[in-house]
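Open the model in your viewer and keep the selection panel at hand. The tour goes from stop to stop.

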Amino acid sequence: MKLLCPSIMCADFSSLQEEISALEEANVTMYHCDIMDGVFVPNFTMGLNDVKAIRGLTKKVVDCHLMIENPLSKIDLFIDAGADLLYVHPESERYISKTLMHIKNRGKLSGLAINPDTSIESIKEVIGLADYILVMTVNPGFAGQAFLDFTKEKIKKLNELKNQYSYKIIADGACSPAVIQELDNLGCDGYVLGTSALFGKNRSYKQLIEELQIL
Ligand code: DX5
Ligand code: ZN
């Protein structure tokens, strides 16, 4: 089974409850919440109240992708709001191992999110501290961008390293059905689903998710 993680910032916030219940019905794996501070990325999307609201609507894993500067001091806020998995960017923190260890010490799943121009070599010391690696396949900050082809090489390398570690690889950005099919063959375990595969399609989430699972 692919790990399928809807990007909630792409959902219709005027009927969040209906959106989550349709996604539950579709049996998605977890909910992906994009948190931006306007500095690490030039945009704002979801915040603590959104995470709390989603937490109240599901028992599935809620992940927070923290696209914020110096996340360490804010981790507890997101855990207290209900996050089970927290992704942090090595580019956003001076001592990223401290942040990853803090997440684990709080009993939560740790995630490393890596930008398209961040190499595996630059995170290799801390890779063993991550339960999930979120490979950005677009530059973070906006939905609806074009897939960056050169990120495939990184997914391939991370897959080769997998037997030494226990992380799962998730791709984030422009994951269309065609991209998912291609990345699946490279050993990718899961996908953040935004406008390219799930939202705004005028088709039921259940049907779309079923189709992605059997690709
Ligand atoms: C950024 C987001 C997006 C996004 C993906 O971190 O997670 O990349 O919503 O969806 P699309 O398919 O619109 O790129
Ligand atoms: Zn994301």
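Donors here are N, O and S atoms within 2.8 Å of the metal (3.2 Å for Na, K and Ca); water is not among the atoms, so sites may look incomplete. This is a predicted model: local features need pLDDT of at least 70, side-chain atom pairs count only at pLDDT 80 or more, and totals for chains, interfaces and linings use all residues. Residues are numbered from 1 along each chain as its sequence is written, chains are lettered from A and ligands numbered from 1 in the order in which they are written, and side-chain values use heavy atoms, without hydrogens and water.

**Stop one: the zinc ion**

Select ligand 2, the zinc ion. Its protein donors are H32 (NE2), D34 (OD), H65 (ND1) and D172 (OD), 2.1 to 2.3 Å away. Along the sequence, their spacing reads H-x1-D-x30-H-x106-D. Now colour H32 and D34: both are buried (under 20% relative accessible area; exposed is over 50%, partly exposed in between; 1.4 Å probe, protein chains only).

**Stop two: salt bridges**

A salt bridge is a side-chain nitrogen of Lys or Arg within 4 Å of a carboxyl oxygen of Asp or Glu. The structure holds 11.

Select D84 and R55. Their closest N and O atoms are 2.8 Å apart. R55 is partly exposed, at 21% relative accessibility.

Next, select K104 and D131. This salt bridge spans 3.3 Å, N to O. K104 is partly exposed at 34%.

Then try K2 and D184, with closest N and O atoms 4.0 Å apart. K2 is buried at 7%, while D184 is partly exposed at 29%.

Finish with D76, D80 and R106, which a network of salt bridges links.
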